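Please consult the sequence and coordinates shown below while reading.

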Amino acid sequence: MSDTHVQTSTSLPPEPEKATMEGRNKFLGFWLFLGAETVLFASLFGTYLGLRNSTNGGPTTQELFSLPMVFVATVILLVSSLTSVLAIQAMHRNNMKGLQFWFGVTVLLGFSFLGLEIYEFVEYVHHGHTFTSSAFGSAFYTLVGFHGGHVLFGVLWILVLQLQGIKKGLTVVTAPKYYVASLYWHFVDLVWVFIFTVVYLMGKVG
Amino acid sequence: METNLQTEMEHSPQSRRETAHHNEGPKPHLWAFFLSIVFTILAFAAVASEAVSTAFTIPFIIFLAVVQAAFQLFIWMHMNQKDHEFPLTFMMSGVFAAVVTVAGIILMIWW
């Protein structure tokens, strides 16, 4: 039993995420999902762009947003995207410890991003900018909150995979899961690039 | 001789793994990260400074965002590698529908 276990882990193929039909199907299906997510976020971006000046007498984008805080959030998410790449590279070297370490850093950064976002939303509510205060408010919280929901799902997903990894180790069954989770995390960061540009930076420009 | 053979056997899976992944070193990823940080700083600086005109800033920061998105997709998500024809098709269709969606919704609201 333990003998066969050792053998599978040392003879892990170069790209374990694509070694099985199941792994290749996960890879393909996940990219189809990401293509669909692109359109879903586009509808939220379109709505936000259309409604961002309908403030109903409440605070405007220029009055609300603070660039330093958004910059910190952006750097946090960018670094976490890099650490999830490093996790997958560790996986390709058959280094489970490295994979767990870099995914752990990714999860920590994900939680700090969420903490910052919650602080930001609480601050906005104090300024009278809520989900129901204006069309701008509804569009803003739907778009940014939906992205925050993706971040929350991402950190919980990676955390569960890490716990499973302690038990199951790195095999051709678990490798596609790590690979797909890291794709998801990159996509979440990709969406944030457009949020900080379209929502925050363009909101400051006017 | 015998020990030689043994070391070679021990090392062969590792070296094969490395040949299959010679394009998988951390270098392109670290470069993409460095450039993404630079582009992020540029975008924030363009907005924070009063000297740059609004008419220039908005196309400029959107251009920077598109380049950063390309880094994510093609380098970090490996879309530049082979066996990625389907991901490319899915994402291109997604981006096409996304552009039509954004343009359509904005025109509907503003007209």
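Helices (H or I, at least four residues) and strands (E, at least two) are DSSP runs, numbered from the N terminus. On that basis, chain A has seven helices and zero strands. The model is predicted: local features need pLDDT of at least 70 and side-chain atom pairs count only at pLDDT 80 or more, while totals for chains, interfaces and linings use all residues. Residues are numbered from 1 along each chain as its sequence is written, and chains are lettered from A and ligands numbered from 1 in the order in which they are written.

**Overall architecture of chain A**

- The order of elements from the N terminus is α-α-α-α-α-α-α.
- Along the principal axes, the C-alpha atoms of chain A occupy a box of roughly 70 × 30 × 25 Å.
- Chain A has 206 residues, of which 45% are buried (20 or more other C-beta atoms within 10 Å of the residue's own, with C-beta atoms placed from the backbone).
- Among contacts in chain A with a separation of 6 or more, 81% join residues 24 or more positions apart; a contact requires C-beta atoms, placed from the backbone, to lie within 7 Å.

**Helix H4 of chain A**

- The 26 residues of H4(A) should span 38 Å at 1.5 Å a residue, and the end C-alpha atoms are 38 Å apart, which agrees; the expected span is 1.5 Å times one less than the number of residues.
- Asn94(A), which follows H4(A), has a positive phi near 60°.

**Packing of H5 and H6 of chain A**

- Helix H5 (residues 96-126) and helix H6 (residues 135-168) of chain A pack at about 150°, with axes 9 Å apart; axes are lines fitted to C-alpha atoms over the stretch in contact, and angles run from 0 to 180 degrees between N-to-C directions.
- H5(A) and H6(A) are therefore roughly antiparallel (an angle over 145 degrees).
- Residues making this contact include Phe103(A), Val107(A) and Phe111(A) of H5(A), and Val151(A), Val155(A) and Ile158(A) of H6(A).
- By class, the contact comprises eleven nonpolar, eight polar and one charged residue; Ala, Val, Leu, Ile, Met, Phe, Trp, Tyr, Cys and Pro count as nonpolar, Asp, Glu, Lys and Arg as charged, and the others, Gly among them, as polar.

**Contact between chains A and B**

- Chain A contributes 39 residues and chain B contributes 43 residues.
- On chain A, helices H2 (21-51), H4 (67-92) and H7 (175-205) each supply at least two residues of the side that touches chain B.
- H2(A) gives the most to that side, with 16 residues.
- The side of chain A that touches chain B has 23 nonpolar, 14 polar and two charged residues.

Definitions and conventions:
Contact = placed C-beta atoms within 7 Å. Parallel < 35°, antiparallel > 145°, perpendicular 65-115°, else oblique. Buried ≥ 20, exposed ≤ 12 C-beta atoms within 10 Å, placed from the backbone.
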